[in-house]
Amino acid sequence: MNKHYLVLFLGIIIHWGFAQQWVDSIDAARRAYHKKNYADAERIYKSQYEKAKSKGGIDEELAQTKYRQRDYKGAIHFYQKKLKSVKNKTEKARIKHNLGNSYFEKGDYAKAIKAYKEALRLNPSNDKTRYNLSEAIRQQQNQEQKNKPNNQKKPNKNPSDSKQKNDPHSGNN
């Protein structure tokens with residue numbers, strides 16, 4: 001019977017040791033992130049990704065790291081993964097807001113607008129989301145203006161039509 005307790009005790013100690021190592025790794029990734037060393041933070045996060053799934057995941061932290069590295073496609077991927085596990089309305093609104101920011105920076109204003117609108121439905125009092133929505137709409141309108149074909153009539157280049165009314169030679173005085 002004492003052997004069973006000893007095995008159980010050793011199992012708990014070993015499990016705790018691995019858990020502590022995981023926590024230490026995540027802390028190291030967070031320190032790297034706060035020092036703006038995003039490449040190291042991403043490397044550490046990715047090395048702990050599978051272990052983190054059972055502890056609630058680190059999708060959002062990876063998304064933020066990708067965003068800081070200007071890898072907006074990667075940030076979008078991890079924000080979308082995080083959204084699948086979020087139940088809390090306020091947290092979901094925050095992630096939708098960040099997803100909108102990623103789409104905005106990527107230049108996909110239509111998806112940014114959609115994400116910001118969804119975030120505002122979940123949290124209507126967020127002024128930052130409201131502002132970002134207005135900026136995304138403005139950017140989309142600017143983009144549409146640039147992409148519009150120029151349907152305006154070009155001025156007639158016939159020299160006889162370009163004489164001014166006050167031209168003494170035109171007979172219109």
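Which residue caps the N-terminal end of H8? In this predicted model, that residue is Asn 126, which places a side-chain oxygen 3.0 Å from the backbone nitrogen of Lys 128.

**Helix H8**

- Helix H8 covers residues 127-147, and at 1.5 Å a residue its 21 residues should span 30 Å, which agrees with the 30 Å found between its end C-alpha atoms.
- The buried residues of H8 are Thr 129, Asn 132, Leu 133, Glu 135 and Ala 136, and, seen down the axis of the helix, they fall within an arc of 165°, so they line one face of H8.
- On the other side of H8, the residues Asp 127, Tyr 131 and Gln 145 are exposed.
- The cover over the buried residues of H8 includes helix H6 (89-106) and helix H7 (109-122).

**Thr 129, a residue of H8**

- Thr 129 lies in helix H8 and has a relative accessibility of 1%, so it counts as buried, because the cut-off for that word is under 20% relative accessible area.
- When residues up to four places away in sequence are not counted, Thr 129 touches His 97, Tyr 116, Ala 119 and Leu 120.

**The largest nonpolar core**

- The largest nonpolar core has 25 residues, and of these Tyr 45, Tyr 79 and Leu 99 touch the most other members.
- At least two residues of this core are supplied by each of helix H1 (2-34), H2, helix H4 (59-68), helix H5 (72-85), H6, H7 and H8, while H5 gives the most, with 5 residues.
- Leu 99, if its neighbours within four places in sequence are left aside, is in contact with Ile 76, Tyr 79, Gln 80, Leu 83 and Ala 115.

**Glu 42, a residue of H2**

- Glu 42 has its place in helix H2, which runs over residues 38-47, and with a relative accessible area of 12% Glu 42 is buried.
- Although Glu 42 and Lys 66 are 24 residues apart in sequence, their C-alpha atoms are 7.6 Å apart in space.
- Not counting residues up to four places away in sequence, Glu 42 touches Lys 66 and also Leu 62, Thr 65 and Gln 69.

Conventions. Residues are numbered from 1 along each chain as its sequence is written. This is a predicted model: local features need pLDDT of at least 70, side-chain atom pairs count only at pLDDT 80 or more; totals for chains, interfaces and linings use all residues. Side-chain values use heavy atoms; hydrogens and water are left out. Helices (H or I, at least four residues) and strands (E, at least two) are DSSP runs, numbered from the N terminus. Buried means under 20% relative accessible area, exposed over 50%, partly exposed in between (1.4 Å probe, protein chains only). Contact means heavy atoms within 4.5 Å. The expected span of a helix is 1.5 Å times one less than its number of residues. The arc is that of the directions from the helix axis to the C-beta atoms. A polar contact is a pair of N or O atoms within 3.5 Å; within protein, one must be able to donate a hydrogen and the other to accept it, and residues adjacent in sequence count only if both atoms are side-chain atoms. A nonpolar core is a set of buried Ala, Val, Leu, Ile, Met, Phe, Trp, Tyr and Cys residues joined through side-chain atoms within 4.5 Å.
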